[in-house]
Amino acid sequence: MVDPENLNQKISKARISLSGLTCASCVRSIEGALRKLPGLTPSINVNLLTSNAILNFDENKISIERIKQAILDVGYDVEDIKVETESLPITQRAININSNKNNEYKIPFENLDSSTQDKNSIREATTKLIVGGMTCASCVNTIQYSLESLPGVEYAHINLLTNEATIKHDLNLVGIRDLIKKVEDIGYEADLFKKNQANNGNSIRHRAEKEQNLYRNRFLCSLLFAIPTLIIEMIFKMILSRDNLIKETLMHQLIPGLEIGTLILFIFATPVQFILGYPFYIKGFRSIWYSRQANMDTLVAIGTTVAYFSSILNVIIPIVHRDNNPGHQFFETSIFLITFIWLGRWMEAKVKGKTFETITKLMELQPEKATIISIGYDDNDHEDILEKEIDLDLVQVGDILKVNPGARIPCDGKIFNGFTSLDESMLTGESIPVTKYVGDEVISATVNLSSMIWIKATRV
């Protein structure tokens with residue numbers, strides 16, 4: 001018999017847009033407040049980068065208004081809430097291992113409703129894409145908004161650090177090529193994430209190096225124009241005396257209102273604005289066109305364009321009026337701004353690359369397999385503990401996992417049964433083992449030293 005409470009569950013997914021988050025402490029405060037509420041599953045995901053929260057809750061036990069009020073009570077604002085009702089198969093719900101023998105589980109561990117599986121395999125799919133060109137949280141929001149606006153897309157999760165997008169969608173309504181085309185339409189690069197790339201640190205490292213090289217080359221090209229511009233504007237025109245031959249040459253007017261120095265700066269600024277600045281136009285204005293929101297690229301494109309064309313206008317007006325007093329120009333603003341933006345993105349890519357190395361080293365420490373535990377009863381009502389070894393990718397939040405002495409913790413979780421000592425030196429650098437008891441949190445890839453334990457997965 002299946003627990004009757006599970007039959008009465010009405011599980012819904014809530015996507016909550018937040019504001020006021022500034023650091024990891026804010027994330028912990030919100031997660032702590034939400035975990036105290038009844039009716040919420042343990043898988044509460046608060047993302048600092050995108051300022052949103054994703055959680056599952058039972059509408060029969062708690063309302064969305066109470067969840068919203070809990071967030072407001074800890075001092076953060078709720079901008080928007082999207083609720084999606086989910087129908088979870090009984091066999092996918094967590095089994096209560098503390099149940100007594102009066103609760104019978106006649107559903108074997110392996111047996112699932114095949115018709116339900118076939119139906120889901122035909123209609124629903126989870127697709128991973130590699131997305132290139134993302135630089136900030138605004139890019140993440142733009143891509144996520146655009147993908148979720150497609151019919152048949154249930155949700156889209158974008159990871160800025162690893163440049164990956166995970167999309168759950170209905171294959172009958174939207175296909176993989178449609179998803180890739182949508183990402184490319186708003187100015188970013190997209191490619192299908194190959195299965196053999198999973199947990200492959202080399203592929204992540206390769207993408208990081210490719211991004212660094214791209215931004216470095218763009219910065220160096222911009223620098224070729226920025227250095228002579230700096231010399232002309234800041235040294236020749238400002239430091240040299242008025243009777244200096246170089247300064248007189250730069251201030252010489254070819255025609256009334258047009259100086260040689262201004263013409264040189266125009267020649268320098270044009271390729272920087274429209275060749276090296278072309279990616280800002282593509283991403284910035286496609287973001288407005290397709291997702292109806294601006295991003296950082298929009299700001300750079302508008303700012304540099306205004307500086308460039310206002311300079312041209314200030315040069316043309318004196319020429320038209322044949323005025324010997326040339327107008328003030330801002331060509332150097334366009335050149336310097338684009339150069340510094342590419343410098344900043346190159347530095348950011350280098351920092352992300354170092355983070356990739358740390359992540360891939362941690363990924364390599366994770367075990368490839370996990371032993372999952374379930375409890376059933378045989379024909380004589382005797383309790384039967386079932387163990388099954390599965391791939392780590394198949395572990396779900398709420399699963400009970402067995403970890404033997406000397407093995408690594410397969411995923412983040414809490415100790416469900418037993419106590420042990422863990423070696424956490426790979427994260428903390430502290431060589432002294434840490435004793436863990438029931439309810440204490442354990443971290444993925446740390447080493448179980450002393451005794452066998454059961455853990456309940458909280459993050460996978």
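How many of the 460 residues of the protein count as buried? The share is 41%, where buried means under 20% relative accessible area with a 1.4 Å probe, protein chains only. This is a predicted model, in which local features need pLDDT of at least 70, side-chain atom pairs count only at pLDDT 80 or more, and totals for chains, interfaces and linings use all residues. Residues are numbered from 1 along each chain as its sequence is written, and side-chain values use heavy atoms, with hydrogens and water left out.

**View 1. Helix α6 and its cover.** Helix α6 spans residues 176-185; helices here are DSSP runs of H or I with at least four residues, strands are runs of E with at least two, and both are numbered from the N terminus. Buried in α6 are L179, I180, K182, V183 and D185. Their cover includes the helices α5 (137-148) and α10 (278-291), along with β5 (124-132), β6 (153-159), β7 (164-170) and β8 (189-192).

**View 2. Where α5 meets α6.** The two axes come within 10 Å and cross at roughly 140°; axes are lines fitted to C-alpha atoms over the stretch in contact, with angles from 0 to 180 degrees between N-to-C directions. So α5 is oblique to α6, since angles under 35 degrees count as roughly parallel, over 145 as roughly antiparallel, 65 to 115 as roughly perpendicular and the rest as oblique. On the α5 side, the contact (heavy atoms within 4.5 Å) is made by I143, S146 and L147, and on the α6 side by L179, K182 and V183.

**View 3. Just past α6.** Here G187 takes a positive phi of about 100°.

Key:
Buried means under 20% relative accessible area, exposed over 50%, partly exposed in between (1.4 Å probe, protein chains only).
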